[in-house]
Amino acid sequence: MKRAVKGSAAVLAVICACIFGVCSKLGKALPDELTAYKDENISFTNFNTISYRNQPKKGSGADLTSDGLYRGNIELFNIIPVKSVTVRQTEKKYVVPCGTLFGIKFYAKGVAVIECCSVGADGSSVNPGKDCGLEPGDTILAIDGIEPECCGDVESITEKSGGCALRLLCRRDGHDFETEITPAQVGGSYRLGLWIRDSAAGLGTMTFFDPESGTFASLGHGICDDSTGGLLEIDRAELTRVEIAGITKGADGFPGSINGYFADEPPLGAATVNSDCGLYGELSYPIVNAEPVEVATIQEIHRGKAQILCTLDGGEPKLYDIEITKVDYDEKNKTKNLQIIATDEELISKTGGIIQGMSGSPILQNGKLAGAVTHVLITNSVKGYGIFAQNMFDEMEKARN
């Protein structure tokens, strides 16, 4: 009898340890904060044994806080607590998915320092930028109180200095600082020895717009400075239509691209925010004629069949089949929530899979907007990554406010 009891206790201990291990692993995989629609219970489509009850129940620990957030437990089999989470209840959100290719012209605030170079004759060369403490990635906001709008302004101010020190107002990593730079005389001219840039341009795909406010979300990732790797700080940016000139097919180890040129037409709109989760702003007018769709909450998105909406020729945006192979709730990497693979034979035939220019292409699943394409997997051209549409919508609301 005692042996039987001991055996049962050992088995129970093993079972408890296994459940604890499973709960611990699930807890790390699941998010800390959720968005839920009012009067609806939450369940994770990828984990059909995991759920959260919106309405407090006895012993669940759920509680409505003063800021309107629920706090409670995600449970395994509706019984075993997995982790404590915060839930924000909201009304359902609807947006118009686009999939439209567009061009973007960026105009930076001030001029960006790309590199500090030595100037002057051999043996007497100096590096004015490095000597005054400038670094690649810095932005020059003002020179002797004058705000340069382009690289030409910097050259003009430098020539007029006569070699006298110039006071610079600069920005680095979001913090402003001042320094003095002394131009070097080279022949009959004066030089700062700075490689600078005042604007940039590129192509991307519009993800969605809100017909009520006219605001849009695109790209699904930020526009980064090629030289510094940091987010490009923009003063203003114009959106324009693009004429597609052709497609460079992707292959393993080689990312393809959509190639095009800016149409000579009035701007589609203006971008005002360049964030880690995409480019946001206002449209001058609706660019697609489509019905709004519901934005899926992150717990609704699951592995399996889906579609992307993108423009690959001169026609309208078109749907292509893909498969979502992984859903990642890691809040530290918001632009790679989804792993996707192209399965559409027409898409693969045209592009080789996921290519540059598709960033921002809407991902639709079960009639809802699930996310947007963000990156191509260079080692395998048919694979890529995506961001949750909910993350982009939340970022758009921040930009709008």
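Author: **Cysteines, then a barrel**

There are 0 disulfides in the structure, a disulfide being a pair of cysteine sulfur atoms within 2.5 Å. C117 is in none: its nearest cysteine sulfur belongs to C116 and sits 7.3 Å off. C117 is partly exposed at 28% relative accessible area (buried is under 20%, exposed over 50%, partly exposed in between, with a 1.4 Å probe and protein chains only). For C170, the closest cysteine sulfur is in C132, 7.0 Å away and too far for a bond. C170 is buried, with a relative accessible area of 0%.

A word on the ground rules. This is a predicted model, where local features need pLDDT of at least 70 and side-chain atom pairs count only at pLDDT 80 or more, while totals for chains, interfaces and linings use all residues. Residues are numbered from 1 along each chain as its sequence is written, and side-chain values use heavy atoms, leaving out hydrogens and water.

Now the sheet. Six strands, as in a closed barrel of 6 strands, run β20-β21-β22-β25-β24-β23 with antiparallel pairing (strands are DSSP E runs of at least two residues, helices H or I runs of at least four, numbered from the N terminus; two strands pair if DSSP finds at least two bridges between them). From one strand to the next, the twist averages 45°. Strand β23 (residues 362–365) pairs with β24 (residues 368–376) in the antiparallel sense over 4 bridges, and L364 stands opposite L369 in β24. Helix α5 (residues 389–400) packs on the sheet, touching β24 and β25 (383–388), where contact means heavy atoms within 4.5 Å. The direction of α5 makes about 45° with that of β25; axes are lines fitted to C-alpha atoms, for helices over the stretch in contact, and angles run from 0 to 180 degrees between N-to-C directions.
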